[in-house]
Amino acid sequence: MLTLECPYCGVMADETELSPGYEAHLKRFGPGASPEEFEAYMFARKNPKGVHFERWRHSYGCGKWFLAARCTATLEVFGTYPAQVSEPPADIIAKIQARRPDWQPDWKATK
Amino acid sequence: MKRYSVFAIAREAVRYHMGWERAWASPEPKPAYDVIIVGAGGHGLATAYYLGKNFGITNVAIIEKGWLGGGNTGRNTTIIRSNYLQDPSAAIYEKSRSLYETLSQDLNYNVMFSPRGVMMLAQTHHEVRGYLRTQHANALQGVATEFITPQRVKELCPILNIDGPRYPVLGALWQARGGTGRHDAVAWGYARACSAMGMHIIQNCEVKGVRSENGAVTGVDTTKGFIGTKKLGMVVAGHSGQLAEMAGFRLPIEAVALQALVSEPIKPCMDVVVMANTVHGYMSQSDKGEMVIGGGTDGFNNYTQRGSFHHIEETLRALVETFPIISRLKMLRQWGGIVDMTGDRSPLISKTPLGNCFINCGWGTGGFKAIPGSGWAMAELMAKGEPGPLAAEFNMWRFKEGRFIDESVAAGVAH
């Protein structure tokens, strides 16, 4: 069972205490956006086999949304962090690169 | 290929069964093919088979990372049905179900299709209304389903508890011509037929890259070297996102784990497939006597082919309530598959941004039932370069255009 630490209340929460919210750091588009931008925001997904950033909600705890860095190929958790950021903080990146030396962030290139 | 028949059995019986030949060849790859299919699961092999059978294209390689039929084709609960709400879904799943009826004869390989009937229980008033709607939609689509009473449910499946306490059975959507099949035999049968047509099935050969020039694929880099092709078909279910990334485009797909399990074998006690979607579990009995059980998907991206334990607990809790007889059964085996879930829970059978590259994926949790129809439609798309009537609505641009084939919300079914 997946266990994530809620960065707000510090609880090590089991998966049954959490609700998954899929890919994090999506760039949002609303009215006035082109169909391509809106499709990319609504549907196109990285769905990586490896390092992934996700939204989770501590729904049977403090109720808040937070973000997690996780490996989808091994289920290893690199860390969690509050949701009020547009990209993962430096300490999370460092933790990922300590475990996955070849991994490079891709959002500088895509955003 | 020597045909399997009663005479073949008699012939082999008198010579100590020394004359059976390998069902398919394992050749080394040629430098180039007319068509490469990536993925030798049911859908990939069916695509290749119908390319050969319906369009005469046999210079085909089917490349597989592991062994054929070792992905979701070997990891499902073998349910075959076509009682979908939306017209495009009903059309392709009904085509598929009808192909299953004669598949053993077509392939000269016993796929053990067993049209024992599929029953989808209605356990809330909302579900009753939903299935009545599906029944009427199916009548217009030419799919034989009927909404049956709780008493008829009990007659068809006596081990079912229809009295609750939480969710009494209020009726069911019954498709008498749905059923189950032998999942491995479907892959093996198609593989044998493809090999007999001269196609190359190349196992233990992982695609590492997709090469393209001027918006068209020229070939794939694999662990057995570069293989050129005039047309590329991607039919890799859970790993579609990886392959699309190699080809340079993104898909509306998330890969998640779906688990299933079987019990110890017991004497025959149910001869239909029952799906209970409100409590979320489904069960049938295999020919070996095991109860074959499935439930819901895990809720997060996962490529590990194993899921979270609490989903097993939730599924079994739901089924023990529905089938009190199984409460003391021991579970024998459990497994997980990586399913590719699209935004509208309907598949993609589509052209891609690369001109001669085609994709067939997104079958999510219900791909086994679709194998023959999916291969039929994908073969037509690849041979003609344009989709036929079965595949037309399942293009990947429907998400941009807002033309969803919305099975997840409209039918509320577990695929």
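This is a predicted model: local features need pLDDT of at least 70, side-chain atom pairs count only at pLDDT 80 or more; totals for chains, interfaces and linings use all residues.
The contact between the two chains draws on 25 residues of chain A and 26 residues of chain B. The size of an interface is often given as the accessible area lost when the parts come together. For chain A and chain B this buried area is about 2,200 Å², with 55% of it on carbon and sulfur atoms. Three residues, Tyr22(A), Phe43(A) and Asn47(A), supply 29% of the area that chain A buries against chain B, which is more than any other three residues supply.

On the side of chain A that touches chain B, the elements giving two or more residues are strand E3 (19–23), helix H1 (35–42) and strand E4 (51–57) of chain A. Sorted by class, that side of chain A has 11 nonpolar, 5 polar and 9 charged residues. The interface of chain A and chain B holds 2 salt bridges. A salt bridge joins the side chains of Glu36(A) and Lys400(B), with an N to O distance of 3.4 Å.

Side chains of opposite charge can pair when their charged atoms come close. Over all chains, the count of salt bridges comes to 25. Within chain A, Glu76(A) and Arg99(A) form a salt bridge in which the closest N and O atoms are 2.5 Å apart. Glu76(A) lies in the loop between strand E5 (65–71) and strand E6 (77–82) of chain A, while Arg99(A) lies in helix H2 (residues 90–99) of chain A, so the pair ties together parts that are 23 residues apart in sequence.

In chain B, a salt bridge links Arg398(B) to Asp344(B), and its closest N and O atoms are 2.8 Å apart. Because Arg398(B) lies in helix H11 (residues 398–401) of chain B and Asp344(B) in the loop between strand E16 (331–342) and strand E17 (348–351) of chain B, this pair ties together parts that are 54 residues apart in sequence. Arg398(B) and Asp344(B) are both buried.

A further salt bridge in chain B connects Lys384(B) with Glu380(B), the closest N and O atoms lying 3.0 Å apart. These two residues, Lys384(B) and Glu380(B), are separated by about one helical turn because they are 4 residues apart in helix H10 (residues 371–384) of chain B. Lys384(B) has a relative accessibility of 55% and therefore counts as exposed, whereas Glu380(B), at 13% relative accessibility, counts as buried. Elsewhere in chain B, salt bridges link Glu94(B), Arg97(B), Glu101(B) and Arg177(B) in a network.

Strand E6 (residues 171–175) of chain B is mostly covered, with 5 of its 5 residues buried. This applies to both faces of E6(B): Gly171(B), Leu173(B) and Gln175(B) are buried on one side, and Ala172(B) and Trp174(B) on the other. E6(B) pairs with strand E4 (residues 118–122) of chain B in the antiparallel sense over 5 bridges. In this part of the structure, Gly171(B) of E6(B) is the bridge partner of Ala122(B). E6(B) also runs antiparallel to strand E5 (residues 146–148) of chain B, to which 3 bridges join it. Here Trp174(B) in E6(B) stands opposite Glu146(B).

Technical notes. Residues are numbered from 1 along each chain as its sequence is written. Chains are lettered from A and ligands numbered from 1 in the order in which they are written. Side-chain values use heavy atoms; hydrogens and water are left out. Contact means heavy atoms within 4.5 Å. Buried area is the accessible area (1.4 Å probe) that two parts lose on being put together, summed over both. A salt bridge is a side-chain nitrogen of Lys or Arg within 4 Å of a carboxyl oxygen of Asp or Glu. Ala, Val, Leu, Ile, Met, Phe, Trp, Tyr, Cys and Pro count as nonpolar, Asp, Glu, Lys and Arg as charged, and the others, Gly among them, as polar. Buried means under 20% relative accessible area, exposed over 50%, partly exposed in between (1.4 Å probe, protein chains only). Two strands pair if DSSP finds at least two bridges between them.
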